[in-house]
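Colleague: I've got a model open on my screen and I'd like to learn how to read it. Could you walk me through some strands and charged pairs?

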Amino acid sequence: MLAEKDFIATSYNTIDSASFEWSAPSNIALVKYWGKKENQIPANPSISFTLNNCKTITKLDVVKKSENSSFSFDLLFEGKPKEDFKPKIQKFFERIEKYCPFLKEYHFKIDTQNTFPHSSGIASSASGMAALAMNIMSLEKAINPAISDDYFYSKASFLARLGSGSACRSIKGEVVVWGNHVQINGSSDLFGVEFSEIHSNFKNYQDTILLVDKGEKQVSSTVGHDLMHNHPYAERRFAQAHENLSQIKTLLSSGNVEEFIKIVESEALTLHAMMMTSMPYFILMKPNTLEIINKIWKFRDETQIPVCFTLDAGANVHVLYPENVKENVLQFIQDELVGYCQNGQYICDQIGNGANQLK
Ligand code: DP6
């Protein structure tokens with residue numbers, strides 16, 4: 001089992017220049033990460049579906065430089081310089097330098113783009129940090145070809161976690177667990193691990209993301225996580241996440257979609273309940289979020305079609321359902337839910353396999 005100290009690169013060469021390119025997807029948590037300790041250690045374990053279509057594509061050009069006293073990088077978003085993303089990258093480099101001491105030896109050109117609209121309210125930090133971490137691991141592999149595949153992917157997830165917690169679940173697919181859990185072999189607070197005992201009922205599971213509100217969130221995830229310190233229900237919530245993960249593990253393996261739905265929806269509402277009961281308290285759902293939830297419940301009741309919802313830290317609704325009811329559910333979305341989406345917008349996605357090397 002890899003420990004923190006194993007991720008410190010010690011022996012490596014140098015190269016003059018290189019180019020890499022990776023895509024990494026977004027992911028949607030089923031059991032949610034909400035609350036963390038120092039150094040991006042989660043307060044409870046989480047599990048997610050890796051998505052397929054919502055991705056960040058990042059190209060990294062690396063050139064050896066003569067002085068190595070500071071980090072040096074240019075950042076392009078959709079081909080144009082993007083100054084406001086730079087502090088986040090600077091902070092990421094600072095956090096990972098201990099594990100990648102070679103970073104200051106190079107100048108980086110980071111060229112990044114998303115397959116989903118930038119202002120869609122879909123968090124790009126998970127896919128973005130995962131794609132950047134993969135590129136940095138390609139550099140590490142270039143200067144130390146001896147590293148194994150297992151180490152490569154585990155360290156990519158470890159680095160991505162230091163950029164944004166949920167990003168560590170975007171390296172692999174189709175289902176990833178992050179955080180120590182007694183019943184999941186190899187699970188770790190330091191990086192995500194693939195959970196592979198999945199029943200065919202969950203094969204190609206669908207996620208249609210309804211864009212309810214594309215505006216800037218009034219409270220960032222980082223602030224939200226922080227409010228779990230001294231939260232009156234924190235300890236009970238963290239224990240519940242362990243229990244829900246035990247249950248969902250069994251349900252994913254046995255293919256019990258009905259019971260899966262109960263855990264997933266309860267997790268989504270619990271996440272938002274934590275926000276509503278923190279101090280200061282806040283609400284990220286919008287009236288249309290609730291309209292959609294009620295419509296989904298009514299449709300499920302009337303048709304017995306196993307469709308459910310989950311939420312991330314925002315107003316958008318992820319509609320989850322098995323592939324074999326896709327036609328019915330898309331028709332339902334068209335007929336009854338599109339009216340609650342901003343400009344009628346939604347994104348069709350499904351479970352995917354994780355990061356992909358393009359160059
Ligand atoms: C509600 O990973 O965005 O989506 O580690 O501060 O970057 P930081 O937080 P982030 O939090 C995601 C929270 C969530 C739940 C989840 O994805 O598990």
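This is a predicted model: local features need pLDDT of at least 70, side-chain atom pairs count only at pLDDT 80 or more; totals for chains, interfaces and linings use all residues.

Colleague: Which strand does strand 11 pair with, and in what sense?

Modeller: Helices (H or I, at least four residues) and strands (E, at least two) are DSSP runs, numbered from the N terminus. Two strands pair if DSSP finds at least two bridges between them. Here strand 11 pairs with strand 12 (residues 317-321), antiparallel, over four bridges. A hairpin of five residues connects strand 11 to strand 12, and Phe-309 sits opposite Val-319 in strand 12.

Colleague: Are the residues on the two faces of strand 11 buried or exposed?

Modeller: Buried means under 20% relative accessible area, exposed over 50%, and partly exposed in between (1.4 Å probe, protein chains only). In strand 11 (residues 308-311), Cys-308 and Thr-310 on one side are buried, and so are Phe-309 and Leu-311 on the other, which leaves both faces covered.

Colleague: Now the charges. How many salt bridges are there in the whole structure?

Modeller: Side chains of opposite charge can pair when their charged atoms come close. The cut-off for a salt bridge is a side-chain nitrogen of Lys or Arg within 4 Å of a carboxyl oxygen of Asp or Glu. Searching the whole structure gives 17. One of them joins Lys-65 and Glu-67, at 3.3 Å from N to O. Lys-65 is buried at 16% relative accessible area, whereas Glu-67 is partly exposed at 38%.

Colleague: Which parts of the chain does the Glu-174 and Lys-203 pair link?

Modeller: That salt bridge, Glu-174 to Lys-203, spans 3.4 Å from N to O. The pair links distant parts of the chain, 29 residues apart: Glu-174 is in the loop between helix 3 (149-163) and strand 8 (175-178), and Lys-203 is in the loop between strand 9 (192-194) and strand 10 (206-210). Glu-174 is partly exposed at 22%, and Lys-203 is partly exposed at 44%.

Colleague: Where do Lys-298 and Glu-302 lie?

Modeller: Both are in helix 7 (residues 287-303), four residues apart, or about one turn of the helix. Elsewhere, salt bridges with shared partners tie Lys-59, Asp-61 and Lys-109 into one network.

Methods
Residues are numbered from 1 along each chain as its sequence is written. Side-chain values use heavy atoms; hydrogens and water are left out.
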